[in-house]
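Please take a look at the protein shown below. Keep it in view while you read this report.

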Amino acid sequence: MSRFNSIIFDVDSTLSAIEGIDWLAAQRGPEIAAWSAGLTERAMKGEIPIEAVYGERMRIVKPTLPEIQQLGKVYVERMATGAAETIAALRAHDIEVVMISGGLREAILPLARKLGVDEENVYAVSVFFDEHGGYAGFDDASLLTRQSGKRTTVGQMDLKGPILAVGDGMTDCEIKPVVQGFAAFTGFTRREAVIEQADYVIENFDQLRVLILE
């Protein structure tokens with residue numbers, strides 16, 4: 001028996017140690033890297049809405065196709081310890097696993113494949129390229145570029161309950177009204193504003209497996 005029938009995972013600083021947009025920003029030098037990291041922390045603490053910074057960061061960073069491909073490799077290299085084993089155990093118990101992120105879908109898909117998560121269960125923001133692999137924009141109509149986007153997206157999913165959401169930021173907390181449980185993941189970063197709203201606090205994937213399956 002399991003406590004939940006569906007698990008929704010955040011990606012950055014949850015399934016992988018990195019924040020994808022900050023990794024991309026770091027390719028533009030230390031000044032852009034520091035600027036982006038500061039915005040990420042403020043947004044994840046809930047100090048500013050994600051839509052206030054999303055488009056601006058993408059216009060400044062302008063990730064190319066080779067950079068997105070490299071980021072995909074880094075997501076896999078920095079994958080959370082125990083994540084693959086935990087997700088395999090969940091799937092063995094017929095628990096549906098979903099990945100949801102305000103990050104870039106094309107960079108996240110390699111991690112999904114490594115974790116055995118079906119591509120149709122990966123919700124993220126698409127990025128576009130020209131014929132030379134240069135940056136050509138992103139899906140600015142995506143709900144996931146907005147503060148409440150994860151909540152709206154999850155609310156539209158036909159998932160079997162009870163549902164548990166797992167993440168590290170305030171955009172993950174936003175999911176709470178449409179799921180039956182929220183676990184704050186603190187394995188990479190610990191945000192008190194998120195912990196205060198959580199039903200569970202999880203430091204690693206062994207603890208998460210116990211919470212769900214035992």
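**The strands**

This is a predicted model. Begin with strand 1, residues 6–9. Ser 6 and Ile 8 point one way from this strand. Ile 7 and Phe 9 point the other way. All of these residues are buried.

Strand 1 has a partner in strand 2, which covers residues 96–104. The two run parallel, and 4 bridges join them. Two positions show how they line up. Ile 8 has Val 98 as its bridge partner in strand 2. Phe 9 stands opposite Met 99 in strand 2.

Strand 1 also pairs with strand 6, residues 163–167. Again the strands are parallel, with 4 bridges. Here Phe 9 stands opposite Val 166.

Strand 2 also pairs with strand 3, residues 122–125. This pairing is parallel too and has 3 bridges. Ile 100 has Tyr 123 of strand 3 as its bridge partner.

How many residues of strand 2 are buried? The number is 7 of 9, so strand 2 is largely enclosed by the rest of the structure.

**The core**

Now look at the nonpolar side chains. The largest nonpolar core has 67 residues. Phe 9 and Met 99 have the most contacts inside this core. Helix 6, residues 105–115, gives the most to the core, with 6 residues. A second, separate core has 5 residues, including Leu 39, Ala 43, Ile 48 and Val 53.

Which residues does Met 99 touch, leaving aside its neighbours within four places in sequence? Among them are Phe 9, Val 11 and Leu 15. Met 99 also contacts Ile 108, Leu 111, Ala 112 and Leu 115. Val 117, Asn 121, Val 122 and Tyr 123 are on the list as well.

**The cavity**

A protein model can also hold empty space. Rolling a probe the size of a water molecule over the atoms shows where such space is left. This structure holds 1 cavity of 30 Å³ or more. About 330 Å³ of space lies in the largest cavity.

The lining of the largest cavity has 25 residues. Glu 19, Ile 50, Arg 57, Gly 102 and Gly 103 lie nearest its centre. Which element gives the largest share of the lining? Strand 2 does, with 4 residues. Helix 1, helix 2 (30–44), helix 3 (54–61) and helix 4 (65–77) each supply at least two lining residues, as does strand 2.

**A buried threonine**

Thr 14 sits in the loop between strand 1 and helix 1 (20–26). Is Thr 14 buried or exposed? Thr 14 is buried, because its relative accessible area is 0%, and the cut-off for buried is under 20%.

The side chain of Thr 14 makes a polar contact of 3.0 Å with the side chain of Asp 10. Another polar contact, of 3.3 Å, joins the side chains of Thr 14 and Asp 168. Not counting residues up to four places away in sequence, Thr 14 touches Ala 80, Val 166, Gly 167, Asp 168, Phe 185, Phe 188 and Phe 205.

**A partly exposed arginine**

Arg 190 lies in the loop between strand 7 (181–185) and helix 9 (192–195). Arg 190 is partly exposed, with a relative accessible area of 49%. A polar contact of 3.2 Å joins the side chains of Arg 190 and Glu 192. Arg 190 also touches Ile 195 and Val 201, not counting residues up to four places away in sequence. Tyr 75 is 115 residues from Arg 190 in sequence, and the two are 20 Å apart in space, C-alpha to C-alpha.

**Backbone details**

A cis peptide bond joins Gly 161 and Pro 162, with omega about -5°. Pro 162 is in the loop between helix 7 (149–156) and strand 6.

Methods:
Residues numbered from 1 in each chain as written. Predicted model: local features only at pLDDT ≥ 70, side-chain atom pairs only at ≥ 80, totals over all residues. Heavy atoms only, no water. Buried < 20%, exposed > 50% of the residue type's maximum accessible area, 1.4 Å probe, protein only. Polar contact = N/O pair within 3.5 Å; in protein donor to acceptor, adjacent residues only side chain to side chain. Contact = heavy atoms within 4.5 Å. Pairing = 2+ DSSP bridges. Core = buried A, V, L, I, M, F, W, Y, C linked by side-chain atoms within 4.5 Å. 1 Å grid on protein atoms, 1.4 Å probe; cavity = no way out; pocket = protein on both sides within 12 Å on 5 of 7 lines; lining within 4 Å. Points joined across faces, edges and corners; volume = space filled by probe spheres on them.
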